[in-house]
Amino acid sequence: MEIAKNYRINSLFEFYEPLLTNKQKAYIQLYYGDDYSLGEIAEEFSVSRQAVYDNIKRTEKILEGYEAKLHLYQAFVERNHEVDAISAYIKEHYHGDATLIKMIQQLVNLEADSE
């Protein structure tokens, strides 16, 4: 479960990072992205472990709040599932259609560029 939570927070962070303060960005990046401990972050910023913990928990709630309102991550996941399904169908039924394969790849590239 911890891996799933880390993945979700990192994913939400990618979408909503510009909406966070510099301190929130730094704490989340260090904790979830770089696997720092609370103590290491506290030492880095000369604050208590409790202050770091509170900030991270508050930022997690903020990220989840943004997602609850904007659904950017959910929409991204759903689009990727649809593209995967279309790609699988094309490979199975139209594997020789170079134009169709190129169009799907362009769609995938558009999605990657928007991240």
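**Glu 60**

I looked up Glu 60 and found a buried residue, because its relative accessibility is 8%; buried means under 20% relative accessible area, exposed over 50%, and partly exposed in between, with a 1.4 Å probe and protein chains only. This is a predicted model, in which local features need pLDDT of at least 70 and side-chain atom pairs count only at pLDDT 80 or more, while totals for chains, interfaces and linings use all residues. Residues are numbered from 1 along each chain as its sequence is written, and side-chain values use heavy atoms, with hydrogens and water left out.

I placed Glu 60 in helix α4, residues 49–70. Helices here are DSSP runs of H or I with at least four residues, numbered from the N terminus. Leaving aside residues up to four places away in sequence, I have Glu 60 touching Lys 5, Ile 9 and Tyr 32, where contact means heavy atoms within 4.5 Å.

**Salt bridges**

How many salt bridges does a search of the whole structure find? It finds three, each defined as a side-chain nitrogen of Lys or Arg within 4 Å of a carboxyl oxygen of Asp or Glu.

I started with Lys 5 and Glu 60, whose closest N and O atoms are 3.5 Å apart. This pair links distant parts of the chain, with Lys 5 in helix α1 (residues 2–16) and Glu 60 in helix α4, 55 residues apart. Lys 5 is partly exposed, at 31% relative accessibility, whereas Glu 60 is buried.

My next pair was Glu 64 and Arg 8, with side chains that meet at 2.9 Å, N to O, in a salt bridge. Here too distant parts of the chain are linked: Glu 64 sits in helix α4 and Arg 8 in helix α1, 56 residues apart. I noted Glu 64 as partly exposed, at 28% relative accessible area, and Arg 8 as partly exposed, at 31%.

Then I checked Lys 57, which forms a salt bridge with Glu 60 at 3.3 Å, N to O. Both lie in helix α4, three residues apart, about one turn of the helix. Lys 57 is partly exposed because its relative accessible area is 26%.

Which residues do salt bridges with shared partners join into one network? They are Lys 5, Lys 57 and Glu 60.

**Leu 70**

Leu 70 counts as partly exposed, since its relative accessible area is 46%.

How values were computed:
Helices (H or I, at least four residues) and strands (E, at least two) are DSSP runs, numbered from the N terminus.
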